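Subject: A two-chain model for you to look at

Hello,

Here is the structure I promised to pass on. Have a look at it first, and then read on for what turned up when I went through it.

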Amino acid sequence: MITINELMCKGCGYCVKYCPKHILEMGKERSQRGHFYPVNIDAEKCTSCAICALMCPEGAIEVAAKER
Amino acid sequence: MPAYKRPSSLMPMTTGYCPGCLHALGTRLVADAIDELNQQQNAINVVSVGCSALNLYSWNGDDIGAAHGRAPAVATGIKRCLPDRLVFTYQGDGDLAAIGLAEIMSAANRGENFTVIFANNQTYGMTGGQMAPTTLIGQKSTTTPFGRDPQTTGYPLKMCELIATLEAPVFVARYALNTPKGVSDAKKGIKKAFELQLAGKGFTFIELLTNCPTNWGMSPLQTLDYMDTNTIPYFKPGIYKDTEVQG
């Protein structure tokens, strides 16, 4: 399960490009800083692989370990 | 299952870098490595001049700003006075490969026991995208508007290959930050360099290939593809020297 800090996001889209499950998408709304930010469109499919967090330049994504 | 938490070595705020700049990712990888080694209170970040100087605002720990290109000289002094501290410099290509070429080669040749993180984005980002020594052949910049011509400006400088020829360095490696695999390898490489330093082995050098969406005139996602087709074939990622493996 991922948490995106929209105030830190600058909208580069690296997380959307590299998500292996393709469940991230750039949102239609702008954050307070004026950037579009990604939203998780299917949280159930998230495997907590943390590739989005690995690629985020700003460290705006935090990942919680998946419960089994 | 893997989980990820923002490193405590970074301030809880955004960096000063442009959207999509892989400099910010390089900074975060260094912070990750320091957190994993539990060295937050022990690390000293020697920051150079250029975009890499924006580190000063986001770094949560000891740091010092050096004169342009002189970060290895400052780090030498600090490491000799405080041998127990984890000392590293974070430099860009305009700083390390142009004005600071003498300092980096001398420090590497002396085998000083600190780590150099070299972020290579093939341009002078902060001053407006002028040609750097590492700019690729044919790459456009504000001072080479028709592309870099080797007849008048020479060839891009390969720092890893240069430093690997010296006797003293113990670990020299280059990583590209445009794919998850490259980033994951870079994280391991940075951690290994810090571990070698803490064990007192000697000089370690990590080159990170980064991008500059603003001055290359591309979107962040386009720069990743540009790196794949142009940067990586010239600056080949890999481990150039590892004395532990070579014996």
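A word on naming before we start: helices (H or I, at least four residues) and strands (E, at least two) are DSSP runs, numbered from the N terminus. Please also keep in mind that this is a predicted model.

With that naming, B:T115 belongs to strand β4 of chain B, which covers residues 115–120. Is B:T115 buried or exposed? The cut-off for a buried residue is 20 or more other C-beta atoms within 10 Å. B:T115 has 25 of them, so it is buried. Setting aside neighbours within four places in sequence, its contacts are B:F88, B:A193, B:F194, B:Q197, B:T204 and B:I206. B:F88 is 27 residues away from B:T115 along the chain, yet their C-alpha atoms are separated by 4.6 Å.

Strand β3 of chain B (residues 86–92) pairs with β4(B) in the parallel sense, over five bridges. Within this part of the sheet, B:G92 stands opposite B:A119 of β4(B).

On the α3(B) side the contact is made by B:P72, B:A73 and B:T76, and on the α5(B) side by B:E103, B:I104 and B:A107. By class, that gives four nonpolar, one polar and one charged residues.

Now to the core. The largest nonpolar core has 84 residues, and those that touch the most other members are A:C52, A:I61, B:I117, B:F118, B:L177, B:I190 and B:L208. Where does the largest share of this core come from? It comes from helix α1 of chain B (residues 22–36), with eight residues.

Chain A comes next. It has two helices and four strands, and along the sequence they follow the pattern β-α-β-β-α-β. For its 68 residues, a compact globule would have a radius of gyration near 11 Å; chain A has 11 Å, so the two agree. Along the principal axes, its C-alpha atoms fill a box of roughly 35 × 20 × 20 Å. Of the 68 residues, 40% are buried. Among contacts between residues at least 6 apart in sequence, 57% join residues at least 24 apart.

Two residues of chain A deserve a look at the backbone. A:S48, in the loop between β3 (36–40) and α2 of chain A, has a phi near 55°, a positive value in a residue other than glycine. A:A50 is found in the loop between β3 and α2 of chain A, and its phi is near 70°, again positive in a residue other than glycine. A:S48 is partly exposed, with 16 other C-beta atoms within 10 Å, whereas A:A50 counts as buried because it has 21 C-beta neighbours inside 10 Å.

Last, how many residues does each chain bring to the contact between them? Chain A gives 24 residues and chain B gives 22 residues. On the side of chain A, the elements that give two or more residues are α1 (14–18), α2 (51–55) and β4 (61–63). The most come from α2(A), with four residues. By class, this side of chain A has 14 nonpolar, five polar and five charged residues.

Enjoy looking through it!

Best wishes

Conventions. Residues are numbered from 1 along each chain as its sequence is written. Chains are lettered from A and ligands numbered from 1 in the order in which they are written. This is a predicted model: local features need pLDDT of at least 70, side-chain atom pairs count only at pLDDT 80 or more; totals for chains, interfaces and linings use all residues. Two residues are in contact if their C-beta atoms, placed from the backbone, lie within 7 Å. Ala, Val, Leu, Ile, Met, Phe, Trp, Tyr, Cys and Pro count as nonpolar, Asp, Glu, Lys and Arg as charged, and the others, Gly among them, as polar. A residue is buried if 20 or more other C-beta atoms lie within 10 Å of its own, exposed if 12 or fewer, and partly exposed in between; C-beta atoms are placed from the backbone. A nonpolar core is a set of buried Ala, Val, Leu, Ile, Met, Phe, Trp, Tyr and Cys residues joined through C-beta atoms within 7 Å. The radius of gyration is taken over C-alpha atoms; the globule rule is 2.2 Å times the number of residues to the power 0.38. Two strands pair if DSSP finds at least two bridges between them.
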